[in-house]
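Hi,

Here is the structure I promised to pass on.

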Amino acid sequence: MLAIIGGSGLTQLPGLHIERREVVRTPYGMPSGALTYGHLDGQAIVFLARHGYGHTVPPHLVNYRANLWALHAQKVTHVVSVATVGGIHPDLCPGRLAVPDQIVDYTHSRETTFAEYGNGGQVTHLDFTWPYCAEMRERCMAALADCCEDFLPGGVYGCVQGPRLETKAEIERMARDGCDMVGMTGMPEAYLARELGICYAAIAASVNWAAGRGDSATAISGDAIEQNMAQVMARVRQALTRLAGMNYR
Ligand code: HPA
């Protein structure tokens with residue numbers, strides 16, 4: 001079954017015909033909210049709002065382990081994560097979408113693994129050369145192409161700790177590191193999905209130029225972010241409906 005993890009601007013899925021909500025307890029604590037079961041365009045899916053349904057959980061306090069564990073426990077095999085980002089690459093202007101294929105992780109102090117002492121006892125070092133599931137990326141790109149989206153078919157997602165936005169110098173460093181976009185929630189979510197064997201990919205939506213770039217040369221406008229987010233998430237929802245229509249067995 002497919003799960004959609006919605007980020008900022010996607011705490012609800014208006015087209016979702018909700019059947020039930022389920023509070024799932026996990027050995028890692030509570031997920032960001034109840035799992036919402038429903039049908040999107042006639043297809044059964046699970047939805048989870050990463051920051052809670054009232055958008056109250058900041059990126060550095062999201063219980064990523066509980067979220068992924070709960071989905072896995074409910075027999076979710078595929079996850080599409082929707083994430084807002086700041087555009088670093090010149091082609092990632094506000095309003096543009098991407099399906100990233102790489103990650104640079106700048107986060108710290110987050111719970112990054114299920115494989116820890118007291119939990120089976122084995123130290124694991126899973127391959128993460130390609131952090132996203134190729135099959136799910138293909139599905140995302142097919143869904144976006146179906147919706148006539150002019151998206152970036154790849155790119156390096158730089159994941160920062162947040163909740164603050166970056167300095168201009170930090171974005172310049174990230175650009176030198178090869179990052180094409182900057183967001184706050186891609187990690188450890190992607191790795192935890194890998195540990196659980198979930199086929200995971202992300203649709204990244206640029207909602208602003210990253211600090212120091214484009215019209216964010218001197219400051220990032222919160223109002224502009226809100227406007228871009230509303231506009232771009234309406235389009236993301238179309239793509240999610242296409243994704244839901246695919247067969248996940
Ligand atoms: N930086 C980090 N995370 C973000 C940004 C940004 O500029 N925009 C949306 N999420």
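Below is what turned up, starting with the ligand and moving on to the rings and the backbone.

One thing to keep in mind: this is a predicted model.

**The ligand and its surroundings**

Let's begin with where the ligand sits: the space it takes is the largest pocket. The residues around the ligand are Thr 84, Val 85, Gly 86, Leu 165, Glu 166, Val 182, Gly 183, Met 184, Val 207 and Asn 208. By type, this shell splits into five nonpolar residues, four polar ones and one charged.

Which parts of the fold supply at least two residues of that shell? They are strand 5 (78–87), strand 9 (181–183) and strand 10 (199–209). Strand 5 gives the most, with three residues.

On the backbone side, an N or O atom of Thr 84 lies 3.4 Å from a ligand nitrogen, and a backbone N or O atom of Gly 86 lies 3.3 Å from a ligand nitrogen. Asn 208 takes part through its side chain, with a polar atom 2.7 Å from a nitrogen atom of the ligand. As for how covered the ligand is, it exposes 260 Å² when taken alone, and the protein buries 93% of that.

**Aromatic rings**

Searching the whole structure gives six aromatic pairs. One of them is Tyr 28 with Trp 69: the ring centres are 5.2 Å apart and the planes meet at 65 degrees, so this pair counts as edge-to-face. Tyr 28 belongs to the loop between strand 2 (16–22) and strand 3 (35–40), while Trp 69 is in helix 1 (residues 64–73), so the pair ties together parts that lie 41 residues apart in sequence.

- Gly 162 and Pro 163 are joined by a cis peptide bond, with omega at about -5 degrees. Pro 163 is in the loop between strand 8 (156–159) and helix 3 (168–176).
- Met 187 and Pro 188 are also linked by a cis peptide bond, and omega there is about 10 degrees. You'll find Pro 188 in the loop between strand 9 and helix 4 (189–196).
- Asp 41 isn't a glycine, yet its phi is positive, at about 55 degrees. Look for Asp 41 in the loop between strand 3 and strand 4 (43–49).

That's everything from me for now.

Cheers

Key
Residues are numbered from 1 along each chain as its sequence is written. This is a predicted model: local features need pLDDT of at least 70, side-chain atom pairs count only at pLDDT 80 or more; totals for chains, interfaces and linings use all residues. Side-chain values use heavy atoms; hydrogens and water are left out. A residue is near a molecule or strand if one of its heavy atoms lies within 4 Å of it. A polar contact is a pair of N or O atoms within 3.5 Å; within protein, one must be able to donate a hydrogen and the other to accept it, and residues adjacent in sequence count only if both atoms are side-chain atoms. Accessible areas come from the Shrake-Rupley method with a 1.4 Å probe; for residues, only the protein chains shown count as cover. On a 1 Å grid over the protein atoms alone, a cavity is a set of points where a 1.4 Å probe fits but cannot get out, and a pocket is an open set with protein on both sides within 12 Å along at least five of seven lines; lining residues have an atom within 4 Å of a point. A molecule sits in a cavity or pocket if more than half of its atoms lie within 2 Å of its grid points. Helices (H or I, at least four residues) and strands (E, at least two) are DSSP runs, numbered from the N terminus. Ala, Val, Leu, Ile, Met, Phe, Trp, Tyr, Cys and Pro count as nonpolar, Asp, Glu, Lys and Arg as charged, and the others, Gly among them, as polar. Rings of Phe, Tyr and Trp (its six-membered ring) pair if their centres lie within 6.5 Å; planes under 30 degrees apart count as stacked, over 60 as edge-to-face and the rest as tilted.
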